[in-house]
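Open the model in your viewer and keep the sequence panel beside it. The stops below can be selected one after another.

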Amino acid sequence: MRDNSRVISPAPPAVAAAALLRDGRLVAFPTETVYGLGADADNAAAVRKIFAVKGRPPDHPLIVHLAQSQQIAAWGREIPPLAFELARSFWPGPLTLILRRQGHVSDVVTGGLDTIGLRVPAHNLALEMLERFGGGVAAPSANRYGQVSPTTAQHVRDELGAGVDFVLDGGPCNVGIESTIVDLSGIEADGSYEPRRAPAILRPGAVTAEDLKAASGISFAWRSASSPRAPGMHAAHYAPRCRVLIATDSAELLAYARLWVNKEAVVGLLDFGNIDSLTGALLPELVQRIRLEPAPGAIAAHLYQRLRDADNSGIEVLLCMLPEERGLGVAIADRLRRAAGQGSAGSDAT
Ligand code: TXA
Ligand code: MG
């Protein structure tokens, strides 16, 4: 008789992913925000491959992903109480903390900075992979440098192909835009800081300034970038192939629409319920509507997919108006500005 108990079933994908990471290979994995392109953060040769596959300049620091918030002590030093407070409130979740780094952390991961970005993602498969792996996983978004971040496993396969050893498929990301990044590296271990080194938001995301204030009592400033490796210094980021134009009001939107239709461009309009019916009626018929559900959470969740849709349907000029810049609307407006190549102070890029 056959002894079925000896049949070895294939390892679950997250276990296989952890084994590959241990082996120095690159694994794309889902998070609640966007897909990451991961490598063992303790293996400099593996991390270098991330930069090669993405085409990313080597001085751009990577976020290290952890399974448990207690692990921050292994990566950060002189950690202020605020870091633990925010970790308790928002992890697992779409928040990255910038802390002073431990001496063992590779310059390849931090781009030579004395600080490190850390995050515990809120995605079961990612957490299972990170638990199994045990260490930190350095990962930027799994797109080529400057392009729109991937929110499905297929986006990663389409864009990075054979450059990735394994894509862990966790379905579409439910937040859909990159994590909020807060800089706590100016705070001393006793919680004090000089005014110019106050806690700041470097990139807005789904953990909003309002959320941070409610959890900590602190009003985080939005700090504009001051060096090329800090978020925000590159013009064309999060950019689809099509040209994105932001209109400040309905009259400008109509003017743009008419101008580009007259130039015989293929024109699209990103519509998340913020185009009034009169404006809609006055738009040239040739303008293709790309619709998003109006709730900010829904806009964020599907924004990058819709930018890809616009490219795939041959749209050359994509018009939009910004949402109200409050709560999650701040992050959505930031990404639309970046897609338009306008950049915005303090926002990231890669
Ligand atoms: O949601 C996210 O944050 C996703 C998922 C995969 O976790 N990751 C992501 O990584 O968006 P990336 O590399 O595409 O963007 C992270 C940005 C970098 O561009 C860099 O500017 C900033 O985080 N960053 C990382 N470490 C930093 C540090 N030590 N100081 C300042 N900025 C840092
Ligand atoms: Mg990125």
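Predicted model: local features only at pLDDT ≥ 70, side-chain atom pairs only at ≥ 80, totals over all residues.

Start by selecting the strands of the open sheet, 10 in number, whose pairing is mixed. Their order across the sheet is S7-S1-S2-S6-S3-S5-S4-S8-S9-S10. Strand S7 (166-167) and strand S10 (221-222) are at the edges; each has a single partner strand, so one side of each has no neighbour in the sheet.

**S4 and S8.** Next select residues 95-100, strand S4, together with residues 180-183, strand S8. The two run parallel and are joined by four bridges. In one of these pairings, Leu95 has Thr180 in S8 as its bridge partner.

**The largest nonpolar core.** Now select Leu86 and Leu184, which touch the most other members of this core of 48 residues. Elements giving two or more residues to the core include strand S2 (36-40), helix H2 (44-54), helix H4 (81-90) and S4. Stay on Leu86 and show its contacts: leaving out residues up to four places away in sequence, they include Trp91, Leu95, Leu97, Val182, Leu184 and Phe220.

**A second core.** Select Tyr304, Ile315, Leu318 and Ala339 to find a separate core of 26 residues, of which these are members.

**Two cysteines.** Finish with Cys242 and Cys320. How many disulfides does the model have? The count is zero. The sulfur of Cys320 lies 9.7 Å from that of Cys242, its closest cysteine sulfur, which is too far for a bond. Cys242 counts as buried at 5% relative accessibility, and Cys320 counts as buried at 0%.

How values were computed. Residues numbered from 1 in each chain as written. Chains lettered and ligands numbered in written order. Heavy atoms only, no water. Pairing = 2+ DSSP bridges. Core = buried A, V, L, I, M, F, W, Y, C linked by side-chain atoms within 4.5 Å. Buried < 20%, exposed > 50% of the residue type's maximum accessible area, 1.4 Å probe, protein only. Contact = heavy atoms within 4.5 Å. Disulfide = S-S within 2.5 Å.
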